[in-house]
Amino acid sequence: MSLAVFFALVGFVPANWLVRVPDVKAQVGASAGDLGLALLCGSLGSLAALTVAARLCERFGTRRVLVIAGFALCAILVLPGLAGSVRALGAALAFFGMAQSTFNIALNSTAVEIATASGNPLMPTLHGIFSVGGLVGAALGGLLADHLSPVVHLGLTALLGLVVTGLAGPSLLRSGRATARTAAAGTSAAGTAAGTAGAERAAEADRANAWRRVRWIVLAFGLVAACTAFGEYASNNWAALHLRQDLGATAAVAGYGYATYACAIAGGRFLGSRLIRRLGETAVLSGGFALAAVGVLVASWAGHLPGGGLPVAFAGYVVLGLGLANVYPVCISRAGALGGPRGVSRISMSASVGILSQGPLIGFVADRRGLPLALSTVAVLAVLAAGVAFALRGWTRPRTPTTSAASTTSAESNERSKP
């Protein structure tokens with residue numbers, strides 16, 4: 001339960017900041033270019049924290065890092081609302097990006113540990129809760145934006161987040177300590193300080209050796225994650241413009257189009273665990289990308305199809321959302337099972353590459369060939385990723401209608417022992 005609360009929180013808190021971007025832009029007197037540089041500071045801060053976050057999780061434990069980063073994320077949220085200049089805003093967003101990245105790595109690593117121990121594919125459902133948290137945060141933030149200044153709005157959101165973290169954190173920490181005691185019960189309690197230090201060094205060496213064996217597999221999952229991040233953010237950033245510019249939608253209708261796509265992703269994630277049990281992760285990955293390729297092509301070219309138009313485009317975005325919904329949760333789950341927090345951080349890095357590259361690439365193609373062709377690059381990458389996902393079928397969870405925790409743990413051990 002506590003873990004689900006934190007997944008909702010990491011969707012809810014940043015969404016409240018995103019709806020206040022126009023107001024904070026005016027507050028600091030930023031041009032569009034200035035705002036872009038400030039937002040880039042946030043992205044760079046997030047990237048800088050990825051590897052450090054993985055090391056912190058390995059050193060201090062994922063749950064402890066999760067709770068501390070949760071407090072930091074909520075406390076830092078108020079800083080953009082206090083910014084009085086573009087430089088101050090850039091610095092605030094850099095710190096916010098670091099806290100958010102650390103929180104995400106610790107959160108997903110904790111989820112992987114719990115899912116592996118339970119034998120249940122929990123990640124799609126947890127990421128669905130994240131999506132709902134984001135939708136609720138955006139809706140509530142939009143309502144408050146008309147009545148509160150940015151600093152008051154973000155301050156109240158920060159206070160709410162701190163309270164939620166304070167309430168949910170202790171139970172998560174207690175469960176982590178119980179797990180650690182159970183693991184420690186299987187080892188000898190009679191060890192000297194030197195022996196303990198030696199055990200820690202041996203554990204670090206074991207982690208390094210295990211990482212060397214699986215890092216190329218994790219990199220392949222990272223490629224799949226980069227393709228899905230490219231597709232998700234291409235739709236996030238360009239869908240409304242495509243609906244207005246190419247299909248003549250009003251601003252409100254274009255907003256409904258994006259909301260339809262976002263709801264399809266959230267709904268698909270709540271079905272993801274059941275699909276994985278019934279079909280297996282390879283089918284969910286490859287089949288999802290095939291659906292996404294069809295969906296984005298239908299949505300992009302709806303204005304050129306016989307009988308096409310806005311309803312066809314909406315249907316295409318629904319298919320695209322359902323196809324992409326469970327890809328990233330599966331990738332991060334597999335990478336975490338293989339490489340621990342280090343694997344989770346590599347998937348996050350790969351996804352960042354997809355996120356950062358989609359804007360320039362789609363913008364470049366759209367200027368020369370139009371948005372329909374530019375958005376079709378998502379279909380090309382989806383086909384590529386489907387092939388990679390199929391090639392990784394030996395490293396994914398098979399169809400398991402009645403998987404027990406013991407058999408799943410054994411499967412993970414077998415995966416780690418592969419050369």
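Are arginine 269 and glutamate 232 buried or exposed? Both arginine 269 and glutamate 232 are buried, where buried means under 20% relative accessible area, exposed means over 50%, and partly exposed lies in between (1.4 Å probe, protein chains only).

This is a predicted model, in which local features need pLDDT of at least 70 and side-chain atom pairs count only at pLDDT 80 or more, while totals for chains, interfaces and linings use all residues. Residues are numbered from 1 along each chain as its sequence is written, and side-chain values use heavy atoms, with hydrogens and water left out.

## The chain as a whole

The protein chain has 16 helices and zero strands. Helices (H or I, at least four residues) and strands (E, at least two) are DSSP runs, numbered from the N terminus. Of the 419 residues in the protein chain, 48% count as buried. The chain exposes about 18500 Å², and carbon and sulfur atoms supply 68% of that area. Accessible areas come from the Shrake-Rupley method with a 1.4 Å probe; for residues, only the protein chains shown count as cover.

Contact means heavy atoms within 4.5 Å. Among contacts between residues at least 6 apart in sequence, 85% join residues at least 24 apart.

## Salt bridges

Side chains of opposite charge can pair when their charged atoms come close. A salt bridge is here a side-chain nitrogen of Lys or Arg within 4 Å of a carboxyl oxygen of Asp or Glu. By this rule the count comes to five salt bridges. The table gives some of them.

| Arginine 20 | Aspartate 23 | 2.9 Å |

In the pair of arginine 20 and aspartate 23, arginine 20 counts as buried because its relative accessible area is 2%. Aspartate 23 has a relative accessible area of 31%, so aspartate 23 is partly exposed.

Arginine 269 lies in helix H10 and glutamate 232 in helix H9 (residues 193-247), so the pair ties together parts that are 37 residues apart in sequence.

Arginine 334 and glutamate 281 are both buried.

## Patches on the surface

Patches are made of residues with over 30% relative accessible area and no salt bridge; like charges are joined within 9 Å, and nonpolar side chains (Val, Leu, Ile, Met, Phe, Trp, Tyr) within 5 Å. Lys and Arg count as positive and Asp and Glu as negative, while His and the chain ends are not counted. The place of a charge is taken as NZ of Lys, CZ of Arg, CG of Asp or CD of Glu.

A patch of positive charge on the surface gathers Arg274, Arg277, Arg278 and Arg399. Arginine 274 belongs to helix H10 (residues 251-279). Its relative accessibility is 57%, so arginine 274 counts as exposed.

A nonpolar patch on the surface is formed by Leu79, Leu82, Phe95 and Met98, which together have about 370 Å² of accessible area. Helix H5 (79-82) and helix H6 (86-118) are the elements that give two or more residues to this nonpolar patch. Phenylalanine 95 is found in helix H6 and counts as partly exposed because its relative accessibility is 48%.

## Single residues and their surroundings

Glycine 42 sits in helix H3 (residues 32-60). With a relative accessible area of 13%, glycine 42 is buried. Leaving aside neighbours within four places in sequence, glycine 42 is in contact with Leu93, Ala94 and Gly97. Glycine 42 and glutamine 100 are 58 residues apart in sequence, and their C-alpha atoms are 9.6 Å apart in space.

Valine 136 is in helix H7 (residues 123-145). At 44% relative accessibility, valine 136 counts as partly exposed. The C-alpha atoms of valine 136 and glycine 11 are separated by 8.5 Å, with the two residues 125 apart along the chain.

Valine 253 has its place in helix H10 and, at 26% relative accessibility, counts as partly exposed. Apart from neighbours within four places in sequence, valine 253 is in contact with Leu310 and Phe314.
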